[in-house]
Each structure stands twice: as structure tokens, then as C-alpha cells.
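Please report on the charged side chains of this protein.

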Amino acid sequence: MYDLNDAEPLRSGEIIPDGTFAKVTMTIRPGGVDGPFETDKGLLKPSGSAESDVLSLDCEFTVVDGPHARRKFWHLFTVSGGKVDEKGASVGWNISKRMFRGMIDSALGLDPADMSDAAKAKRQLRGLADLSGITFVAKIMVEPSDRYADKNRLERPVLPNEKEWPLVMEGKDVPPSPSPRKKDNKPAQAPAAGQQPSWQQSATAPAPASAAASTVAAPAWRQSAAPAGTPAAAPPAQPAGPAWLNG
């Protein structure tokens with residue numbers, strides 16, 4: 001027979017309160033489109049609209065502990081395409097880069113102002129797939145909707161120089177702090193015809209996957225100490241990714 005007593009009870013549908021601080025783990029749900037590096041084959045998700053050139057990273061977040069432990073929410077990060085700025089660069093990708101850097105700083109306890117060689121090495125990725133499995137302190141927002149049910153999204157990573165970061169890492173209760181919402185009324189600009197994705201517009205063009213792998217064999221933070229409050233794990237004999245994959 002099936003014994004369903006060990007199944008979690010159904011939830012009432014309530015969402016995590018707006019402005020909640022919590023430790024979360026992010027995993028990437030592959031979308032079927034290749035990224036620019038070998039590690040990102042099949043990783044990106046198309047928009048699903050013939051009129052849109054947006055490619056995104058489809059991410060699932062799971063709350064690690066606290067009153068909302070095991071609750072999940074989802075967020076799409078633009079990797080290329082969409083609205084562009086006055087320089088022709090993807091606005092969404094620039095926002096995503098800042099978010100990803102914040103995740104790494106939060107996960108590894110890095111001072112965001114630390115631009116030493118050691119800190120900069122820890123912020124290097126062989127590909128976006130390296131971010132899957134990262135655990136960091138997040139501020140969670142509620143995204144309202146006129147047509148559908150309101151839902152949770154990632155507002156931003158919480159950095160080590162913020163007062164909430166050590167409290168969450170120590171497992172202490174932090175009251176929610178909703179942020180005021182701003183409406184973006186700036187008109188969208190169409191990307192220039194034939195324009196390359198923004199991740200191909202850096203001062204130095206990305207190397208082919210094989211060359212990139214040889215330059216950055218494994219992220220430097222793989223040998224770093226695990227974030228406070230998480231158990232340390234012994235690295236495998238052959239480094240294959242960042243430290244948070246083994247957290």
C-alpha cells in the first residue's frame with residue numbers, strides 16, 4: 001500500500017511575505033539553448049515569443065532554513081536580448097551580471113568593495129552553469145499581478161556589509177522589510193540589426209569553450225571556506241566546479 005503520512009501537507013497557497021530575508025539555494029533549469037561556453041550547452045531559455053530575442057537563465061530558489069524552509073520561488077535572468085541602453089547593450093544582462101556578482105559576494109562573504117586579485121578571482125565563472133547550487137542570503141519580494149495570483153521573486157542578494165546578512169547566516173529571525181516599488185516608464189529600444197548578444201560585447205571577446213576552460217580551469221572560490229553556517233565539504237580529487245556545488 002501507499003503510506004502518505006510522510007508527505008508534506010498541502011499549503012494554503014500563501015506566499016512568502018514581501019521583504020523577507022532568507023538563506024536560499026539557486027538551481028538552474030536548462031532551457032535548451034546553448035550559451036557561449038562549453039559548460040552552458042542547452043542552458044539558456046528562449047522567450048517563447050517569435051517577436052523577442054531574449055535568452056534567459058531559468059532559476060529555481062529553495063529556502064534553506066527558517067520558518068519558510070523548503071518553500072520555492074522562481075526567477076528569470078536575462079542573458080541577452082531585450083531592451084538596450086544608449087550604448088546598445090542589453091539592459092537585462094547588465095542587471096543580471098550585478099545580481100550574479102551579488103550572489104557570489106553573499107555566498108562567500110566577500111566585501112563588495114574588495115577588488116583584490118584574490119577577490120576578483122573568486123568572481124570568475126567558467127560559464128553560468130557554475131552558479132547552479134549556490135547558497136546565499138536573499139531578500140525576497142512579492143510581485144503583484146492584476147491578472148494572476150501574486151508570486152514571489154528574488155529582489156536581490158543581501159551583501160555581507162548589510163546588517164541582515166550575519167543575522168540570517170547565524171539562523172536568527174529577521175523581520176521582513178518591504179522595499180518601495182518604482183515604475184519603469186523608460187521606452188524600450190530595439191536592438192540594432194545584427195547586434196551581438198551583450199555577453200559578446202566585452203572589451204575582450206569570449207574565447208572558444210576549449211580555450212576558456214584552459215584559462216579558468218576551475219573557479220578560485222572552490223578552495224574557499226564554505227559560507228558561515230553551512231557544513232564544509234571536502235573537494236573532489238578533480239576540481240569540476242565552484243565550492244557551492246559541494247556545499
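## Charged pairs and their burial

Glu155 is buried, at a relative accessible area of 17%. Buried means under 20% relative accessible area, exposed over 50%, and partly exposed in between (1.4 Å probe, protein chains only). The model is predicted: local features need pLDDT of at least 70, side-chain atom pairs count only at pLDDT 80 or more, and totals for chains, interfaces and linings use all residues. Residues are numbered from 1 along each chain as its sequence is written, and side-chain values use heavy atoms, with hydrogens and water left out.

Lys139 is buried too, at 5% relative accessibility. Glu155 and Lys139 form a salt bridge, that is, a side-chain nitrogen of Lys or Arg within 4 Å of a carboxyl oxygen of Asp or Glu. Glu155 sits in strand E6 (residues 151–157) and Lys139 in strand E5, so the pair ties together parts 16 residues apart in sequence. Helices (H or I, at least four residues) and strands (E, at least two) are DSSP runs, numbered from the N terminus.

The structure holds 14 salt bridges. Three of them are listed here.

| Salt bridge | Closest N and O atoms |
|---|---|
| Glu38 – Lys41 | 3.5 Å |
| Arg101 – Asp105 | 3.7 Å |
| Glu155 – Lys139 | 3.7 Å |

Arg101 and Asp105 both lie in helix H1 (residues 91–108), four residues apart, about one turn of the helix. Arg101 is partly exposed at 33%, whereas Asp105 is buried at 1%. Glu38 is partly exposed, with 46% relative accessibility. Lys41 is exposed, with 55%.
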